[in-house]
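Notebook open, model loaded. I jot things down in the order I look them up.

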Amino acid sequence: MIAEAGLAALWLAAALTIAQLALGVLGLRRAGEGLAEAIIPVSVLQALLVTFSFVCLVTLFMRSDMSVLLVAANSHSAKPMIYKFAGTWGNHEGSMLLWVTILSIAGATIAAFERKLRTDTKVATLAAQAAIALGFYGFLLLSSNPFERIENVIEGAGLNPLLQDPGLAFHPPTLYAGYVGMSAAFSFAVGALVTRDVGPEFARAMRPWILASWIFLTIGIVAGSYWAYYTLGWGGWWFWDPVENASLMPWLATTALLHSVTVLATRDGLRAWTIMLAVLAFSMSMVGTFLVRSGILTSVHSFAVDPERGVFILGLLVFYICGALALFALRIGTVREGSRFDLVSRESALVMNNLLLTVILVVVLCGTLYPLALELANGEKISVGAPYFNAVAGPLAVILMLILAAGPLLRWRTDSTKKLVDRIALALVSGAGAALLLAVFAGDLGILPYLGLVVAAVVGVASVAPLWKRNLRRTPLFTWGMVIAHLGCAVSIVGMASESAFTQENLVAMEIGETQRIHDFEVTLEDVREAPGPNYAALEAVAIVRREGEEPLRMVPQLHQFSDPVMQTNQAAIETYWNGQLYIVLGDRSIGNRFLMRLWWKPFVTFIWLGGIMIALGGLLSLVGRVRRDIVSRKPAAPELKGAPA
Amino acid sequence: MMRKPLLWLPMVLGLGLFVLFYLGLENPGQRIINSNVIGRELPEFSTQVAVEGVEPVSSENLRDGKPRLVNVFASWCAPCIQEIPVLLRLRAQGIEIDGIAVHDRPADISRFLAENGNPYRRIGLDNEGRSQLEIGSSGVPETFVIDREGRIVYQHIGIVTEQDIPDILARLGETG
């Protein structure tokens, strides 16, 4: 019954979405107030129904109801509860249902709480939202029914073992929340194009959505990177894998959008560019989802999807994205040009930031798609890896960071170079100091890590500069947010540069009882033994780590062997110190009675993710600060009163 | 007004991207994973009796001078049911198919075959998935094309569909 109820709710939600779209279109045509108001309850009800449908699917997974095809194909009754739960979206149909659920909740939130937008723009936005949702409902109901029944199955096929990790179980919903938040920004952009209402008010309405999805995307990327680092056992934190790129590209576009929407909200500038970026950011999340889920690129994340479904999704993508871009081409000429600004100004720095982020995005996109294009052209299989991306994106990122250091110290509209130099002097001196120290003491560490550490010093000092001579208690929360996020960039870069320049590695075949050195640790292999897990067999090594003046430490790296489906994963043993991590991996082969072990000392590697968390936290503070100010400023001023301070 | 045509550039680029994706989806070579077991001698393995009176599968009896398919399946595997009709058609065309049931129980296998049809000549039971690992398979269903000397010439991951039949026949032909 649960499956049938879920399916019925899904059909009803789809029907309401059609109503939502129709009400929106009619409401805009006749400016009929009644119709326009009816769209609000319809949006909310639609979201409730699809949420119910999703809860039904979760219930089926938690109960291991093997009479449902999706559960039988992706779950297993012996699985720990948390993975039964996460198994709901660990597959194609379930992840699509989650997608449309979050999308509809976002729509309902706009309908119920958005007060800054003009009514017609809000109606147009909700209609655009309905149009997106409708495509996904059609997809679910016509070709990927998650509630399809099957007979005579007693046991399920399991969940990809790589996905059986608590962190990873919640990784997809986090990224999805980010992706879907971008769909809200996209709907705003389409709505504003339809009603020709591109201005500061619109930008302020759109900004919380951009901030929120940017926070989710940031957390998703940071978590995904740390997951890859500790569970794949290769000691790296970023592989430039197509799947990683698929999440990085929307992040880059959203980061650019976040900065340009601020120009639009504060200075009424960059109108066309902001709309363009909103469309681009959503396009990149859709392209990312498509690349990852269609199986077009080989990856651990791609589910087996038949080509017909792939074409269906692709059709939806073409319709939405090219439709929005065509609307952009038709309408943007009628949007009044925004305010002007001088070459040396905060706006100018933000334009540079936008251009660089976009160029990096194009570089990543080309690198990700080049193998696909080449294979189509002449059947050659190649992969574009770290050397290309690092060589091209690295220097661009260094320039971006220098702009990041200068931008917040510039005034809006116009400023003088001389005053900028005064404000940034201390940061430049720190950079020069770091350059000198590294040249004298660090030895040969490669040009990119060297530049990275110097730039990190400049950014680190410059990013706190906006707080100087300010009353810290009266500094707005979003200024704190910016400072912390920018400081997080510096912290991350320190981690990346140190890890790539100073990592020490010892790859050894160890006998039991043998001792090896790494950095200032002595690692003794005490035992290698079997360790059965809930649904896997594991081999684990017990290593005793000694360092002068410290208690000995036990570290237990594991090798997991899953049976359903058969797959091997690595669980590195990691010990964190303030200045780095000791990282031990048990290799997958033994030579006679020797076991392959990898020992790594990774200085300041944790700074990579610490910086990432700071960036997300900065975003969160900005979001809270903005929303709070909006609520406070709404009370005295009626919506008609325009030109009130931001 | 040079700006006008320029405004359409994003859409043109977008369309170009989607043409690329479409071609990528339509290109069938794309989804075949080149396994590192291809071209190798079959490693030594053996399986247990799965169904009373039916010979089990081992590396020994795969080297009988006849090209064949080896299909890795399980009675609990929902997608495996979908490919049985296709395997039955191949069998009707005179192709010999051996099955290896992984992580399964004899009673369940018999029921599975009774309900869906039996395309297999030999059926082996591989309870721990050891043989599956040996031949380089990592999931169900998977189908291997074995030549007359007992070498793996092709590994098909996932369901064998009607569309795959010509390809599989061609690869079996290559081995003859």
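This is a predicted model: local features need pLDDT of at least 70, side-chain atom pairs count only at pLDDT 80 or more; totals for chains, interfaces and linings use all residues.

I picked Met206(A) to follow up. Leaving out residues up to four places away in sequence, I find Met206(A) touching Ala185(A), Phe188(A), Ala189(A), Leu257(A), Val261(A), Thr274(A) and Ala278(A).

**Chain A overall**

I counted up the secondary structure of chain A: 18 helices and 10 strands. Of the 646 residues in chain A, 58% are buried. I then looked at chain A contacts with a separation of 6 or more, and 72% of them come from residues 24 or more positions apart.

**Chain B, residues 6-25**

I checked UniProt for chain B and its unreviewed entry puts a "transmembrane region" at residues 6-25. In the model I see that span as 95% helix and 0% strand, and its end C-alpha atoms are 30 Å apart.

I went to the loop between α12 (307-331) and α13 (346-378) of chain A, where Ser345(A) sits. Buried or exposed? I put Ser345(A) down as buried because its relative accessibility is 0%, and the cut-off for buried is under 20%. Beyond its neighbours within four places in sequence, Ser345(A) contacts Leu410(A), Arg411(A), Arg413(A) and Thr414(A).

Next I looked at Glu347(A), which is in helix α13 of chain A. Glu347(A) is buried too, at 2% relative accessible area. What does its side chain find there? I have a polar atom of the Glu347(A) side chain 2.7 Å from the backbone nitrogen of Arg413(A). Not counting residues up to four places away in sequence, I list Val263(A), Arg267(A), Phe341(A), Trp412(A) and Arg413(A) as touching Glu347(A).

Trp412(A) turned up again when I searched for charges over rings: the charged end of Arg346(A) sits over the Trp412(A) ring, 5.0 Å from its centre.

**Aromatics**

How many aromatic pairs does the structure hold over all chains? I get 25. I wrote out one of them, Phe521(A) with Trp601(A), which is tilted at 5.5 Å centre to centre and 50° between the planes. The pair links distant parts of the chain, 80 residues apart, with Phe521(A) in strand β3 (residues 521-530) and Trp601(A) in strand β10 (residues 594-603) of chain A. I find both Phe521(A) and Trp601(A) buried.

I also logged one aromatic cluster formed by Tyr226(A), Tyr229(A), Tyr230(A), Tyr583(A), Trp600(A) and Trp609(A). I then saw the charged end of Lys602(A) over the ring of Trp600(A), 5.1 Å from its centre.

**Glu83(B)**

Last stop was helix α4 (residues 78-92) of chain B, where I looked up Glu83(B). With a relative accessible area of 0%, Glu83(B) is buried. Which side chain does the side chain of Glu83(B) make a polar contact with? I found Asn71(B), at 3.0 Å. Apart from residues up to four places away in sequence, Glu83(B) touches Asn71(B), Pro141(B), Thr143(B), Gly158(B), Ile159(B) and Val160(B). I also took the C-alpha separation of Glu83(B) and Asn116(B): 9.8 Å, for residues 33 apart along the chain.

Technical notes:
Residues are numbered from 1 along each chain as its sequence is written. Chains are lettered from A and ligands numbered from 1 in the order in which they are written. Side-chain values use heavy atoms; hydrogens and water are left out. UniProt positions are given in the numbering used here, feature names are shortened, and annotations may be inferred rather than shown by experiment. Helices (H or I, at least four residues) and strands (E, at least two) are DSSP runs, numbered from the N terminus. Rings of Phe, Tyr and Trp (its six-membered ring) pair if their centres lie within 6.5 Å; planes under 30 degrees apart count as stacked, over 60 as edge-to-face and the rest as tilted. Buried means under 20% relative accessible area, exposed over 50%, partly exposed in between (1.4 Å probe, protein chains only). A charge sits over a ring if NZ of Lys or CZ of Arg is within 6 Å of the ring centre and within 35 degrees of the ring normal. Contact means heavy atoms within 4.5 Å. A polar contact is a pair of N or O atoms within 3.5 Å; within protein, one must be able to donate a hydrogen and the other to accept it, and residues adjacent in sequence count only if both atoms are side-chain atoms.
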